[in-house]
Amino acid sequence: MKFCLRAAACIVAAAGACAAQGVGAGGSIGGTVSDPSGAVVAGASVEVQNVNTHIDRTTKTDESGAFHFPNLAPVPYHLTVTAPGFQPRTQDVNVTGPVPVNVAITMQLATEATTINVTSSAAEVESVPTAHTDLGPAQMEQLPNYSVGNGLNDAIAHSAPGIVQDSNGFIHPQGDHAQTQFVFDNQPVTDQQSKQFSTSMPQDAIASVEVITGAPPAEYGDKTSLVVNAITKSGLGAAKPYGSLDLSYGSFGTATEDFTYGQGTNKFGNFIAANAVRSGRYLDSPEFAPLHDVGNNQTFFDRLDFQPDESDSIHLDLFAARAWFQTPNTYDQQALGQDQRQLIQSWNISPGWVHILSPSMTFTVSPYIRQDQVHYDPSRNPFADQPATVSEDRRLTNTGIKTDWAYTNRHNNFKAGVQVQHTFLTETFNLGVTQPGYVQASGNLGLAPYDLTNGGHLFYFRDHADIKEYSTYIQDSITFGGLTIQPGLREDVYRGLAGAQKLQPRLGLSYMVKPTKTVLRLSYSQFFETPYNENLLVSSATGAGGLANNVFGAFGQRPLRPGIRSQYNAGFQQAVGRHVIIDAGYFWKYTHNAFDFDNLFTTPIAFPIEWRKSKIDGADARVSLVDFHGINAYTVIGHTRARFFGPEIGGIIFNSPLDTGVFRIDHDEVLETTTNVRYQPKKNGPWASFTWRFDSGMVNGAVPDVASALALTADEQAAIGFYCGGVFATLTAPITSCSPSQAGATRVTIPAPGTENNDTNPPRVAPRNLFDVAVGDDDIYHTDRIRCRAQFSVVNVTNVDALYNFLSTFSGTHFVSPRAYTATVGMVW
């Protein structure tokens with residue numbers, strides 16, 4: 001908390017030195033309301049609504065009849081104007097980006113026979129080639145949270161199709177490992193946002209999210225299997241203060257305090273979000289019952305807005321966070337007294353400026369600087385860490401500037417831009433073998449000088465690098481009737497440990513059949529993917545001749561190089577009546593130099609690695625029921641086939657075979673589905689929510705046959721639910737021999753003898769069904785200024801004892817959260 005307060009003070013002070021720079025990716029709707037004679041109508045009520053995202057904002061016209069909605073998500077809106085003595089007026093308005101949308105509303109006089117009946121808008125289909133899911137804050141607040149302090153990732157995993165959910169908030173989009181880009185108010189963040197790497201933006205600071213799952217435009221580069229375009233909340237135009245205070249307490253001693261406050265005028269605005277959480281199950285643990293798993297984090301976000309005139313908009317985003325947590329233990333590690341811990345300190349400063357050159361043209365400048373500093377501490381007794389003691393101190397500083405020029409007319413939505421980015425890496429890494437006989441058993445004699453059980457000393461690594469990236473893009477969205485053509489071209493230049501550059505063409509087509517409300521999509525894209533920056537220096541230095549002649553036994557003899565991906569997408573969107581939308585698609589991706597991570601032992605320390613190539617294809621769908629007699633529901637479905645080809649380069653993998661064949665990577669999953677149903681018959685009234693998540697199970701390469709299971713320790717056998725006949729392995733009684741016909745496991749699926757195949761029939765984690773329920777009331781008490789609310793939620797209602805993964809080289813072993821209760825009380829104003 002002291003760090004957060006110091007960092008917040010520093011960045012607030014720095015704000016005064018920043019030049020006027022402006023609003024990010026949010027759009028705006030403005031205009032005037034007049035009567036039939038042309039006289040302005042003051043005090044008219046104006047509402048914009050998007051039923052797909054539940055975004056609903058209202059304002060009143062001023063003395064000049066003008067109204068303005070800033071900071072809007074780029075989605076279609078239904079605008080409604082009402083005023084005493086006039087007939088209601090409605091109009092559909094489409095916000096596509098930073099270019100402001102201006103409308104002139106002429107009201108018609110009401111007569112005595114006029115009946116005022118404003119109907120709600122219908123669910124909307126969009127004629128765009130890009131597959132995406134739009135979310136509003138109300139939708140995200142209603143979803144279950146399995147990952148403490150990482151609510152945004154959880155909300156995305158539950159809402160967008162084609163995402164395989166992994167431990168600790170990891171999300172694997174469309175067969176790729178964590179290839180996700182976040183964009184906060186036009187600031188791109190391509191480094192990892194899972195809580196074991198960094199602390200992400202608090203969920204209650206987000207005004208809207210667009211989750212792009214297919215064919216992103218040329219504006220987006222690098223990690224693009226999933227693009228999360230988020231707009232933060234703003235105080236601009238909020239004459240009456242708004243905000244919230246929520247206090248929660250639940251299982252494992254999990255306590256949270258969340259506070260938001262926004263206020264402003266038509267020229268100034270300020271919004272802050274301050275959050276804190278402490279839990280006895282901070283990370284997903286390698287045992288069903290968490291051991292040595294206490295953690296906490298604190299976040300502070302402040303957005304300052306200034307609009308000096310009609311042509312300029314300025315904002316400054318300030319963010320600081322601190323997270324401290326223990327590394328969860330297995331029963332074996334707990335018995336040894338293992339006490340490994342990690343501290344993450346993060347901060348971010350991102351100003352921006354939007355200048356309106358004309359009613360159809362804008363220019364945007366968005367500089368930024370962010371830093372993650374990670375300290376990993378070993379046990380005080382190094383021999384309590386098995387089979388090795390490790391420590392790490394690394395710093396990742398990302399600074400850059402992004403400029404965009406946008407132009408909109410009746411048929412075109414044109415955009416071009418340039419981005420320059422430097423990432424400064426400093427890494428310190430230590431390792432010493434603590435398990436007697438490990439060096440000889442592993443066959444890796446290069447570790448002998450670092451065998452602490454035999455008079456050795458710690459291995460020490462330290463390095464620094466500057467990763468430079470330069471990008472430019474041009475794109476357009478051309479509309480003729482129901483046809484939309486989205487061409488684009490992007491070039492990226494990478495100057496890191498290796499150098500490369502690539503020109504990437506992109507082309508998307510969509511066609512809307514208006515009578516049937518059908519949209520057809522087809523696209524082709526090329527992408528230039530850069531290596532993960534986390535622990536990049538250590539990982540790239542391993543291999544033949546590296547790190548004291550390949551101390552670790554990893555393979556490869558060169559730094560990780562950027563990858564090139566070709567991708568095809570096809571899909572459709574179909575409206576059924578006024579309340580149902582079906583959105584489905586197919587994707588196929590081929591990547592040369594495909595990236596992944598490998599974890600070191602059971603620690604959260606992960607190292608980027610590179611496979612020779614990958615071939616990934618799959619299908620996904622989302623079916624949404626919108627505002628049907630108080631019921632909102634959706635189902636998302638995904639199927640992924642992720643085939644990777646060796647050899648692998650980089651990382652720290654002990655005794656990894658030099659495999660050039662094909663295999664299914666651990667985030668390959670046959671089927672994942674999430675269904676969410678929410679019933680709230682009255683706005684701000686009582687509600688109930690139900691969520692069902694099914695996962696058929698990710699690939700688990702550690703137990704390909706019964707012989708592999710028999711070689712596990714007692715703790716590991718118990719973790720997978722290994723049995724022989726009717727006898728289950730326990731912590732004190734492992735199974736040492738068993739006929740394959742009598743053996744099995746409850747938490748992993750072991751292929752039948754002679755049938756295992758790394759490509760066509762790999763071993764997997766057992767399927768699981770998770771059920772979550774929540775009930776609440778958004779208005780248990782209210783006054784003129786505040787409204788009190790309360791809710792009670794339960795995740796994993798049936799207390800399913802299930803695994804995310806087991807002894808995965810890329811993730812480790814992690815159990816799904818046991819049944820957990822959370823009670824929340826709060827107020828909004």
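User: Let's start with Q165. Which strand is it in?
Analyst: Q165 belongs to strand 9, which covers residues 163-165. Keep in mind as we go that this is a predicted model.

User: Got it. Is Q165 buried or exposed?
Analyst: Q165 is buried: its relative accessible area is 7%, and the cut-off for buried is under 20%.

User: And what does Q165 touch, apart from its neighbours within four places in sequence?
Analyst: Its contacts there are D154, A157, H158, F170, R693, M698, R768 and Y804. With D154, the side chain of Q165 also makes a polar contact of 3.3 Å.

User: D154 is in a helix, I think. Which residues of helix 3 are buried?
Analyst: Helix 3 spans residues 151-159, and its buried residues are G151, L152, N153, D154, A155, I156, A157, H158 and S159. That is 9 of the 9, so helix 3 is largely enclosed by the rest of the structure.

User: Nice. Switching topic: how do strand 26 and strand 27 pair?
Analyst: They pair in the antiparallel sense over 13 bridges, with strand 26 at residues 483-495 and strand 27 at residues 499-513.

User: What about strand 27 and strand 28, how many bridges join them?
Analyst: 8 bridges, and these two run antiparallel as well, with strand 28 at residues 518-529. L509 stands opposite L522 in strand 28. This is also a hairpin, with 4 residues between the strands, and K517 in the turn has a positive phi of about 55°.

User: Zooming out, how many helices and strands are there in the protein chain?
Analyst: The protein chain has 9 helices and 45 strands. Of its 829 residues, 60% count as buried.

User: Last one: what is the mean pLDDT?
Analyst: The mean for the protein chain is 89, and 93% of the residues reach 70 or more. Over residues 1-24, though, pLDDT is below 50; that stretch has 54 contacts in the model beyond near neighbours in sequence. Residues 113-118 also stay under 50, and there the model has 5 contacts beyond four places in sequence.

Methods
Residues are numbered from 1 along each chain as its sequence is written. This is a predicted model: local features need pLDDT of at least 70, side-chain atom pairs count only at pLDDT 80 or more; totals for chains, interfaces and linings use all residues. Side-chain values use heavy atoms; hydrogens and water are left out. Buried means under 20% relative accessible area, exposed over 50%, partly exposed in between (1.4 Å probe, protein chains only). A polar contact is a pair of N or O atoms within 3.5 Å; within protein, one must be able to donate a hydrogen and the other to accept it, and residues adjacent in sequence count only if both atoms are side-chain atoms. Contact means heavy atoms within 4.5 Å. pLDDT is the predictor's confidence in each residue, from 0 to 100. Two strands pair if DSSP finds at least two bridges between them.
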